[in-house]
Each structure stands twice: as C-alpha cells, then as structure tokens.
Amino acid sequence: MTAPNLPGQPYFAYRGNDLFCEEIRLGDLAQAHGTPLFVYSKGAMLAALAAYQRGFAGRKVQICYAMKANPALGVIQVFAQAGCGFDIVSGGDMDRVLAAGGQAGKIIFSGVGKTRAEMRRALEVGIGCFNVESEAELDVLSEVAVAMGLRAPVSIRVNPNVDPQTHPYISTGLKDSKFGVAHERVVPTYQRAASMAGVRVVGIDCHIGSQITQEGPYLDAVDRMLDLVEAVEAAGVPLQHIDFGGGLGIDYQGETPPDAGLLWQKLLARLDARGFGQRQLMVEPGRSLVGNAGVCLSEVLYLKPGEHKNFCIVDAGMNDLPRPALYQAFHQIVPLSQRQDAAQTWDVVGPICESGDWLGHDRALAVQPGDLLAVLSSGAYCMSMASNYNSRGRAPEILVEGAQAHLIRRRETMADQMQSECLVESQARK
Ligand code: PLP
C-alpha cells in the first residue's frame, strides 16, 4: 500500500488519483455493485482489535465486540474468528452471533428492556452473562430462570455517574440516564441478587458513553468501579469479572482519542495498584473496532448551485447514513477520483424528502454529476441504523481482504421490502 494519506484511515489511501481500500480500487467496486455501497476493510478491523490485544497482553481478558456498531454477519464472523465475544442488546443480535459462528458462552447481553422470551432463549443457548440494568429486570430474570430450573449468570450494570464529555445522545453513565443501576443502589441490589434462586452473580459492569476522546472519564469510571467492587465484596458478594464497557472514540474530524493499547496499559496500572490486575476483565468496544474500517460510496446525481447555498445531491441519504441527521455528526467526504479543477463549497445532501437529510455542510469539493464520493468513517452506527425510509432498499456491503472483495450483503430489493406486508383481503377483492 502507498503511505496512508487520509488521517485516521490507514487502510483507505489514494494511489495516484484513485482511492483504494487495501488492494482494491473503490471506483471498481462502485462500478460492479452500484451505489450507495458500504465497503469495509478486514485489515482495519483486525488492526483496531490488535490495539486492544496489545493493551491487555498477559491479562485475563474477554474482548466482546459491541455488535450494535455493525451487525453484518460477515463482520461478526471476522471478530468471532479472532476469538472475540459479543455484547448484544436483543434476541436478534444473539441469533446473528450464533449464525456467524460466535460462541454462546462468550455473549454478554446488555440493554434496559430485555423481554422474557429473550431471556429464555439466552438461557437455553447458554450465554455467558446478562448485564442486568435494573432491579425490576433482576426479578423477572430470576423468575424466568427458576421456571427453567436454571440460575442466570448476572453482572449488574452500574451507573458510575461519570460525564463522558460526548454528545448527550450517546452519554449513558450519568445519574439521570436510563441505563444501569444508580450508584447508591448497587450494594443492596447485589445483596438481593445473591439471595435469588434464579441468579448466579458473576460480575459487574459499566458503560459510560460512546465516542469518548479523552482518557479522563475512563480513569474516573475505573476508580468508581473499583470502589464499588470493594463495597460489593465487603458486603459478602464475590465478583469474578469486571467489565469496563466500550465507548472509545475514533478520529472523524481530527479528534485524537487515546490509542486503545496505551489507554488500557494506563488503566491496568490503576487496577494493579489496587490489587485487581489479575481479575477476569471484559471490555465491550464497538465504534473503535469498526468505525474507521468502513466507507460509504455514493454517486453525485445533481449539482444545484443557489444564491446562498450550493447543493451537491448524492444517491446516499439519511436512511443509509443517519448519523449526521441524528447527532449532527461529521463525516469526511472525499472523491474516489481526484479532479484537478478548483473546489467549490457544497452542502452534500441526500435524495430524501427531509431537510435533515444531509451528509456534510460546507464541503470544499471539485465535483461533477456522475462523480463518486466516499463518506469516511462509516463502519459504525451507519448500516446498523439504516432504514427503508422513502422505500429505499438498504445498500449492499463488501468486506475487503487484501485484493479480494467479498459481498457480505446484497442490495435489498423492493421484493425484499414488501415480502412481509400484505394487502387487506376484502379490499383487494373489490
Ligand atoms: N456497551 C454498551 C452497553 C453500549 O450501550 C455500547 C454503545 O452504546 C457499547 C458497549 C459500545 O460502545 P462504542 O461503540 O462506543 O464502543
């Protein structure tokens, strides 16, 4: 590969005028599969995972890929083959992990609204742990497990009341958040859990938020978690594992989040200092494993210069890539083939009938209709939040491995979209 020339995207680089993913020209993939199209680099995913593995070298750790970031079977398969466990938040997530070859025993089940049916199925397949988010959930889980003659392995998700200094929609560890058990209720909740017939306490966990770019909130959360471990164990409830959640940010626009390897070495020094270094540890990274391993390719449909704004209308929209509309998130947008013409300033917008359907504001681009663009950092929370809004089929996904391109999801057709619907029979006969 040529030297990386897109910050934060070492597996996507220009060779001459053309943007490549590993050994493959992205323009060739767009030609073959159409646009919008998601392209992921397997090398980038494994490199991101390797940073965590370096940070935890020599420790007992289970890295559980938070698959909500990107639940494609072909992506799950990469992490399953690399030995990862999985953080899931629904029965559907669990089915995906099992279908992609993940091990049930390495699944941890997070989420505030698990249903009885999901609990039953998770117990049947033998998942590793339920990350329980409330006392009410604990009661139901125990009841379900007792009815099956089992004890559910449980970790309580605690709310350490730490501000992750990120977007409010992705802050989860503050006192008023719907997630986790409040700090002051943690010890009594563990005492109750330990006395329940259908529960086996195995651990403790927290997750303070996502796209965290500073180490401070992590260090605070670690300290508060270790205080809680001491308090829970002093109350007579031993804990086998400590799970620090996910949340490490990525470079979308020049952010400089800590390297996972270095961050974990630092956190482990804190654990060692307090005598917890040899515990079974867990982490649940999502975005930092896949976010910068993916791009979304899109074609310029029309240019619409205006008095105050110039619009570059592309064929990918908020249904494909909801982050800008949802969080005002920034994604770099670059051409697949660089033009030598002078750049103009464009709002890059999608075809959807919503003013919120934009991918980037005020971008300097030299573009013409028919040109292809790449929306960078699209590996996490893009396809996983894609929808059929405006009856648009979901885009295909390609996993690149060196010079090989694997189609891991074909483009969704109208027949796919309509297959679960039907007309009202009495009216259809009229
Ligand atoms: N764990 C839990 C419980 C989460 O809710 C999330 C995401 O919101 C994650 C892990 C993954 O976070 P991230 O993708 O920021 O690493």
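What share of the contacts between residues at least 6 apart in sequence join residues at least 24 apart? I looked this up first: it is 68% in this chain, with contact meaning heavy atoms within 4.5 Å.

A note on the source: this is a predicted model, where local features need pLDDT of at least 70, side-chain atom pairs count only at pLDDT 80 or more, and totals for chains, interfaces and linings use all residues. Residues are numbered from 1 along each chain as its sequence is written, and side-chain values use heavy atoms, leaving out hydrogens and water.

**Chain**

I found 13 helices and 21 strands (DSSP runs: H or I of at least four residues for helices, E of at least two for strands). The radius of gyration, taken over C-alpha atoms, is 23 Å, close to the 22 Å from the globule rule for 430 residues, so the chain is as compact as a globular protein of that length. That rule is 2.2 Å times the number of residues to the power 0.38. I also noted that 54% of the 430 residues are buried, meaning under 20% relative accessible area with a 1.4 Å probe, protein chains only.

**Ligand**

Next I turned to the ligand.

I then checked polar contacts, pairs of N or O atoms within 3.5 Å. A ligand nitrogen sits 2.6 Å from a side-chain N or O atom of Glu284, and a ligand nitrogen is 3.2 Å from one in the side chain of Asp87. Tyr381 places a polar side-chain atom 2.6 Å from a ligand oxygen.

Methods
Polar contact = N/O pair within 3.5 Å; in protein donor to acceptor, adjacent residues only side chain to side chain. Buried < 20%, exposed > 50% of the residue type's maximum accessible area, 1.4 Å probe, protein only.
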